[in-house]
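Please look over the sequence and the model shown here before reading on.

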Amino acid sequence: MEESLMNNYTEILQNELVPAMGCTEPIAIAYAAAAARKLLGEEVKEIKLCCSGNIIKNVKAVTVPNSGGQKGMQVAAILGVLGGDSDLKLEVLSTVTDEDREQCRKLVDTGFCKVSFQEEGPKLYIAVELLSENHKVKLEIANQHSNIIYMEKDGEVLYKEGEEDKQDVISTGGDRSLMSLQGILDYANAVDLSLVRPSLQRQVEMNLAISQEGLDNPWGASVGKTILETWGSDVRACACARAAAGSDARMSGCPLPVVINSGSGNQGITVSMPVVEYAKALSISEEKMYRALIVSNLVSVYIKHYIGALSAFCGAVSASCGAGAGITYLCGGNYQKIGRTISNTLGNVGGIVCDGAKPSCAAKIASSVHAAILAHHMSMKDQGFHGGEGIVEEDVEKTIRNMGYIGKVGMQSTDREILKVMTDQVDVNSCV
């Protein structure tokens with residue numbers, strides 16, 4: 001593989017595998033608010049928050065981390081202003097204190113933070129305006145959870161994406177258009193692990209910790225605990241339970257950090273925990289496990305880049321495709337078998353919809369990982385779905401692109417209708 005392509009995959013991994021505390025959508029709001037407060041430099045008198053539908057959908061029902069059980073966009077923005085540290089990016093709320101939490105409870109129903117909806121524009125969009133006694137600032141985030149695209153103070157534009165060299169503002173993170181399944185496998189086999197080991201090791205350690213928290217304590221709907229109590233403890237059950245348990249804790253406000261994938265902590269947990277469980281059960285070497293995690297992470301990023309950061313397509317599916325590919329790689333599967341695992345997974349659970357971040361995400365993760373494990377076992381026996389059957393093509397690259405088109409284009413109207421239902425903008429009884 002050419003050195004430039006090797007470097008591109010390394011850059012993608014290093015850009016993707018970063019820590020975040022809690023669900024990344026409320027954290028992105030908190031980050032925007034904290035960064036705006038830093039720009040303002042004075043005590044905040046009023047917050048105006050404007051978000052895209054997908055941000056609203058993913059914040060509505062999830063507990064804001066380190067909030068003491070509070071939920072919602074206003075809570076995320078207020079906590080970001082009161083106690084957030086924007087220098088910590090997606091761990092912005094790790095500095096929140098008991099005093100901040102109590103003050104947030106008092107402010108949330110006073111009109112201190114006003115929220116509006118941005119209908120057009122990027123699927124991932126957050127705009128925060130802060131007013132103080134003497135100043136006014138505006139800050140916008142788009143496309144990625146910590147990607148600041150606009151900053152203004154007292155009417156003066158301080159930064160606008162595209163109007164200056166943005167190299168010092170945000171890393172490009174690598175070119176996803178250069179990715180392919182064969183390229184991912186070639187990279188995983190050849191890369192010097194010392195280049196990516198710190199990121200992968202951190203992913204394993206952090207995601208195992210929150211997964212164990214979800215298994216040890218009654219977070220959310222206790223999907224992970226229920227799986228172990230009812231399915232037994234073989235590697236298939238443990239793989240599903242580990243992934244689900246991390247989401248159980250994370251969706252219900254556990255403050256432990258997660259190393260994310262494709263901008264999502266749930267996807268970061270899903271791509272990593274099943275691979276770690278299979279490596280342990282099969283007594284796979286640490287080096288081989290890390291190379292399998294490279295496959296898992298990059299396959300997930302590859303599929304998701306066709307879909308976009310946020311959509312009506314459940315990211316647990318693309319992440320489970322990555323986990324299934326990583327497991328097949330662990331078991332000695334070649335390009336054909338790994339590709340078949342991906343196609344078998346997409347042919348099964350490719351239609352799971354995203355109706356926002358919340359405790360039921362853990363169940364969707366468990367279902368998707370279960371489907372990926374089935375897809376893996378089918379593939380190892382040279383069984384699978386064939387080209388022309390639904391969205392599946394003989395070429396896995398085409399299957400991935402088909403699913404990307406459906407997720408990005410075909411499910412746009414579905415996304416809008418889900419948001420209407422979630423925000424009580426439609427009388428579903430009138431449709432019956």
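Accessible areas come from the Shrake-Rupley method with a 1.4 Å probe, and for residues only the protein chains shown count as cover. On that basis the accessible surface of the protein chain comes to about 17400 Å², and 49% of this belongs to carbon and sulfur atoms. The model is a predicted one, in which local features need pLDDT of at least 70 and side-chain atom pairs count only at pLDDT 80 or more, while totals for chains, interfaces and linings use all residues. Residues are numbered from 1 along each chain as its sequence is written, and side-chain values use heavy atoms, with hydrogens and water left out.

The chain as a whole comes first. Its secondary structure amounts to 16 helices and eight strands; these are DSSP runs, with helices being H or I of at least four residues and strands E of at least two, numbered from the N terminus. The C-alpha trace spans about 70 × 50 × 45 Å along its principal axes. The radius of gyration of the protein chain is 21 Å, which agrees with the value near 22 Å that a compact globule of 432 residues would have. That radius is taken over C-alpha atoms, and the globule rule is 2.2 Å times the number of residues to the power 0.38.

Of the 432 residues, 56% count as buried. Buried means under 20% relative accessible area, exposed means over 50%, and partly exposed lies in between (1.4 Å probe, protein chains only). Contact means heavy atoms within 4.5 Å. Among contacts between residues at least 6 apart in sequence, 75% join residues at least 24 apart. As for charge, the protein chain has 39 positive and 52 negative side chains, and the centres of the two sets lie 4 Å apart. Lys and Arg count as positive and Asp and Glu as negative, whereas His and the chain ends are not counted. The place of a charge is taken as NZ of Lys, CZ of Arg, CG of Asp or CD of Glu.

Helix α16 covers residues 412–422, and its buried residues include Asp415, Ile418, Leu419 and Met422. These four residues are on the same side of α16, because they cover an arc of only 100° around the axis. The arc is that of the directions from the helix axis to the C-beta atoms. Among the elements that cover the buried residues of α16 are α3 (53–59) and β3 (113–118). Asp424, which follows α16, has a positive phi near 60°.

In helix α6 (residues 181–190), Leu181, Gly183, Ile184, Leu185, Tyr187 and Ala188 are buried. The cover over the buried residues of α6 includes α1 (3–16), α11 (286–307), α12 (315–330), α13 (335–349) and α15 (396–410).

One of these covering helices, α11, holds Ile303. Is Ile303 buried or exposed? Ile303 is buried, with a relative accessible area of 0%. Apart from neighbours within four places in sequence, Ile303 is in contact with Ser318, Cys321, Ile342 and Ile400. Ile342 is 39 residues from Ile303 along the chain, and their C-alpha atoms are separated by 9.8 Å.

Lys364, in helix α14 (residues 361–380), counts as buried at 17% relative accessibility. Ser252 lies in the loop between α9 (235–251) and β8 (257–259), and counts as buried at 18% relative accessibility. Neighbours within four places aside, Ser252 is in contact with Thr63, Trp219, Gly220 and Pro359.

Arg236 is found in helix α9 and is partly exposed, with a relative accessible area of 43%. Not counting residues up to four places away in sequence, Arg236 touches Tyr278, Ile373 and His377.

Two loop residues remain. Lys89, between α4 (73–83) and α5 (98–107), has a positive phi of about 50° although it is not a glycine. Asp154, in the loop between β6 (148–153) and β7 (156–160), likewise has a positive phi of about 50° without being a glycine. Lys89 is partly exposed at a relative accessible area of 38%, and Asp154 is partly exposed at 44%.
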